[in-house]
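Please keep the sequence and the structure in view while reading.

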Amino acid sequence: MANILQDFINNLKPNGDLAGLKSAFSFIAERANIGKVVILNNDNTDVIFDNSNSKDTNPYTLTKDNISIEIFQDRRGSQFEDLEGIKALAMISLSYVLSLHIYSAYEKAPYISFVSGGLPNSFGFNNIITSRFNKEELIKNYSIFAINVRGFSEINRLYRVETGNLAIRLVAEQLKQIIHDDEILCHRGADDFVMLVKSERVDTLIKQINPIHINLKKNPQDDDLFLSLYLSIVVVPIDEDFSDWNDYISDAAVAMSYAKANRIPLVRLDKKLKADIETAKHIELMIDDEIKNKTIITYYQPKVDIRTGKIIGAEALARWQKDGNIIPPDVFIPILERTGDIAKLDLFMLKNACQDFSQYRDLGNETVPLSVNISQKDLLTPGFYHEIVKIIKKYKMNYHDIIIEITETTSLEEKARMKEFIDYLRDHHIKTSLDDFGTGYSSLSLLRDLMVNEIKIDRTFIGSVPLRRKDKTILKSIIVMATKLHLDVICEGVETLEQLEYLKSIGCYRVQGFYFDKPLPKKEFEKKLTKRFYDREIYKKN
């Protein structure tokens, strides 16, 4: 039977339609003792093969997704000699039928999303647009909506994939109710939809879309399971630059990533954001060259002891020089985190900072502890831990003069990796700092479980003017707690004398912020470091 199965498969390959299946059965029917093959799809019956000598009773039947295949024996022969082989033929045939969607909407099926209940998929969306609309009409009258169901992964996690599919179909039904006949709704896949809508209705639709209420009960007798789903929306006006709608969909997808990363529920893709997207694409494609060509450079922001005005440390910060401008990190770092290239930048920053400090030290100057940031994403990079140690050794840096800053996390998985990483650095006598302390939900548990050397209090606690009573209370409690835990504390974002005096009054003496200096280029920072002290009136009050 093995040879028969192989011949059957070989005859399927050159064809991509129903004729291929018929040809394959005709080729092997006599050897396999097959008299007739029938496929049933709801009320439709299609005879794939019939030699007019079949036994019309007791066929071998296989059913999946409401489609059945029946294989009848040739009555001139004996019973199926190899029933397992017949089963294999049925399975191959049924898989072939399902994959091609031969029945019912055979010709339309490759352009349809079945999960959403029959909406056009991306291919179908493209076909409808190109056949129904001309360029001038699109530019004059239409905009594109990219839509993402927020938190959809939690539905799959908490329930089952089948429930997730039901949710997508219910969302599709709700969206279909609000679009007009001259508009198009498409299901791109997973939790993403695209709509072509009249530009004049954009604001109306935005109000109608959020939230969408669905009931995930599968059967009338099931308990109600109501959910309110919120959708992220990217609005893309079709302008005079239009040439291919796929370009717009691509831009919308990048804008959606931006919206997700920044937790923005509505993004309008204007020219500025388009320019940022182009920058993002460039960064994603050219990061290796940008690092190699040293267009990404290192700035240093001093850390200061406010009792004396002495520089007691510095943080290395990435800046990107492009066309004579400095691009801030909040533009390119989220992109590198999304693409997985952030580890390249972080290791480059550590290497560059160690190189700068070793050169300054080798000239006979006294250095200060140097802080370098790393991303949670770095901890997934094979060999990342070891690369940190190798770089520090290469430039003969004292381990206690390097502080690795990492942002706190609420994820249990990330927390476990973070502990492993911090323990590894601690074993190699490298200090660690918990950045943006107090912004997460698990700050105290992290302090309990992680053996860090320093915490950096997030700027939001001193950002209000005047300082709020709650913030003052929290700040004071953090200082007392950290002191008892023998942790260094540094407060970032200090910009005013009021902030400085309050921090000093509660025993927080190490700060970083614009009150002293913005991040500085290497040479400017070295001048500050050589002088070592800031000359400010505040220190004359002691």
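The model is a predicted one. Its protein chain has an average pLDDT of 84, and 91% of the residues score at least 70. Over residues 102-106, however, pLDDT stays under 50, and the model has 15 contacts beyond four places in sequence for that segment.

The residues of α13 that are buried are F384, Y385, I388, V389, I391 and I392. Viewed down the axis of α13, these buried residues fall within an arc of 160 degrees, so they line one face of the helix. An α-helix has 3.6 residues a turn, so residues three or four places apart point the same way. On the other side of α13, the exposed residues are K390, K393 and K394. Just after this helix, K396 adopts a positive phi of about 55 degrees.

The aromatic side chains come next. A pair of aromatic rings is described by the distance of the centres and the angle of the planes. The model contains eleven aromatic pairs. In one of them, the rings of W320 and F332 have centres 6.1 Å apart and planes at 75 degrees; the pair is edge-to-face because an angle over 60 degrees places it in that class. This pair links distant parts of the chain, since W320 belongs to strand β15 (residues 310-322) and F332 to helix α11 (residues 329-339), twelve residues apart. W320 has a relative accessible area of 2% and is therefore buried, and F332, at 1% relative accessibility, likewise counts as buried.

F384 and F421 form a tilted aromatic pair, with 6.3 Å from centre to centre and 40 degrees between the planes. Here too, distant parts of the chain are linked: F384 lies in helix α13 (residues 384-394) and F421 in helix α14 (residues 412-427), 37 residues apart. F384 counts as buried because its relative accessibility is 1%, and F421 counts as buried at 0%. Ring pairs join F384 and F421 with Y385 and Y424 into a cluster.

The charged end of R319 sits over the ring of Y299, at 6.0 Å from its centre. K518 lies over the face of F514, 5.6 Å from the ring centre.

Helix α16 (residues 469-484) comprises 16 residues and reaches 23 Å from its first C-alpha to its last, close to the 22 Å expected at 1.5 Å a residue. Which residues of α16 are buried? They are D471, L475, I478, I479 and A482. Seen down the axis of α16, the buried residues fall within an arc of 100 degrees, so they line one face of the helix. Their cover includes β19 (431-437), β20 (454-457), β21 (488-492) and α17 (497-505). On the other side of α16, R469, K470 and K484 are exposed. Just after α16, H486 takes a positive phi of about 60 degrees.

Conventions. Residues numbered from 1 in each chain as written. Predicted model: local features only at pLDDT ≥ 70, side-chain atom pairs only at ≥ 80, totals over all residues. Heavy atoms only, no water. Helix = DSSP H or I, 4+ residues; strand = E, 2+ residues; numbered from the N terminus. Expected span 1.5 Å × (residues − 1). Buried < 20%, exposed > 50% of the residue type's maximum accessible area, 1.4 Å probe, protein only. Arc of directions from axis to C-beta. Contact = heavy atoms within 4.5 Å. Phe/Tyr/Trp six-rings, centres within 6.5 Å; stacked < 30°, edge-to-face > 60°. Lys NZ or Arg CZ within 6 Å of the ring centre and 35° of its normal. pLDDT = per-residue confidence, 0-100.
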